[in-house]
Amino acid sequence: MKKKYKRIIFCFFLKKEEEGLEYPFFPGKTGQKIYQEISKKAWSFWLIQQTKIINEKKLNMFLEKDRAYIKRKMKKFLFHNKKN
């Protein structure tokens with residue numbers, strides 16, 4: 001059995017070194033930025049927040065406007081202090 005090495009990154013959200021994501025969970029440039037700058041732990045915080053937003057706002061993820069809304073909220077949540 002091969003040993004799996006953890007990918008350590010400096011997490012922008014937590015402001016410290018943490019284990020990185022195993023692969024990009026989001027497509028495009030945003031996905032690459034998340035992969036490079038957001039840890040597993042920070043991503044799990046976002047998933048909890050995302051679920052709350054979807055349920056509270058009764059969003060339909062089949063609708064483009066609702067997906068765009070979640071994407072904006074995700075960027076704000078994960079990169080709140082960063083100028084893009």
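**Notes on a predicted model: charges, helices and loops**

Me: Let me begin with one residue. Does K76 count as buried or exposed?
Reply: K76 counts as exposed, because its relative accessibility is 60%. Please keep in mind that this is a predicted model.

Me: Where is the place of K76?
Reply: K76 is located in helix α3.

Me: And which residues form the positive surface patch?
Reply: K76 forms that patch together with K57, R72 and K73.

Me: Which element gives the patch its largest share?
Reply: Helix α3, covering residues 64–78, supplies the largest share, with 3 residues.

Me: Let me step back. How many helices and strands are there?
Reply: The protein has 3 helices and 2 strands. Read from the N terminus, the order of the elements is β-β-α-α-α.

Me: What does the C-alpha trace span along its principal axes?
Reply: The trace spans about 45 × 35 × 20 Å. The accessible surface of the protein is about 6500 Å², and carbon and sulfur atoms hold 57% of that surface.

Me: What percentage of the residues is buried?
Reply: Of the 84 residues in the protein, 30% are buried.

Me: What about contacts between residues at least 6 apart in sequence?
Reply: Among those contacts, 50% join residues that are at least 24 apart.

Me: Back to charge. How many side chains are positive and how many negative?
Reply: There are 23 positive and 8 negative side chains. The centres of these two sets lie 3 Å apart.

Me: How many salt bridges does a search of the whole structure find?
Reply: The search finds 5 salt bridges. One of the pairs that can be described is E19 with K40, where the closest N and O atoms are 3.1 Å apart.

Me: Where do those two sit in the chain?
Reply: E19 belongs to strand β2 and K40 to helix α2, so the pair, 21 residues apart, links distant parts of the chain.

Me: Which other residue forms a salt bridge with K40?
Reply: E22 does, with its closest N and O atoms 3.0 Å from those of its partner K40. E22 is in the loop between β2 and α1 while K40 is in helix α2, so this pair ties together parts that are 18 residues apart in sequence.

Me: How accessible are E19, E22 and K40?
Reply: E19 is partly exposed, with a relative accessible area of 25%. E22 is partly exposed at 46%, and K40 is partly exposed at 30%.

Me: Which residue does E18 meet in a salt bridge?
Reply: The side chain of E18 meets that of K16, at 3.4 Å from N to O. E18 counts as buried because its relative accessible area is 17%, under the 20% limit for that class. K16 is partly exposed, with 38% relative accessibility.

Me: Changing topic: which residues of α1 are buried?
Reply: T30, G31, I34, Y35 and E37 are buried there. The buried residues of α1 pack against β1 (8–11), α2 (40–57) and α3.

Me: Tell me about T30. Why does T30 count as buried?
Reply: T30 counts as buried because its relative accessibility is 12%. T30 lies in helix α1, which covers residues 28–37.

Me: Which residues does T30 touch, beyond those up to four places away in sequence?
Reply: T30 touches K71, M74 and K75.

Me: Why might residues three or four places apart in an α-helix point the same way?
Reply: An α-helix has 3.6 residues a turn, so residues with that spacing point the same way.

Me: One last topic, the backbone. What is the phi of K15?
Reply: K15 has a positive phi of about 60° although it is not a glycine. Most residues other than glycine have a negative phi.

Me: Where does K15 lie?
Reply: K15 lies in the loop between β1 and β2, the latter being residues 16–19. K15 is partly exposed, with a relative accessible area of 44%.

Me: What about the phi of K58?
Reply: K58, which is not a glycine either, has a positive phi of about 55°. K58 is in the loop between α2 and α3. K58 counts as exposed because its relative accessibility is 71%.

Notes: Residues numbered from 1 in each chain as written. Predicted model: local features only at pLDDT ≥ 70, side-chain atom pairs only at ≥ 80, totals over all residues. Heavy atoms only, no water. Patch = residues over 30% accessible without salt bridge, like charges linked within 9 Å, V, L, I, M, F, W, Y side chains within 5 Å. Areas by Shrake-Rupley, 256 points an atom, 1.4 Å probe, with all protein chains shown as cover. Salt bridge = Lys/Arg side-chain N within 4 Å of Asp/Glu carboxyl O. Lys, Arg positive; Asp, Glu negative; His and termini not counted. Charge placed at Lys NZ, Arg CZ, Asp CG, Glu CD. Helix = DSSP H or I, 4+ residues; strand = E, 2+ residues; numbered from the N terminus. Buried < 20%, exposed > 50% of the residue type's maximum accessible area, 1.4 Å probe, protein only. Contact = heavy atoms within 4.5 Å.
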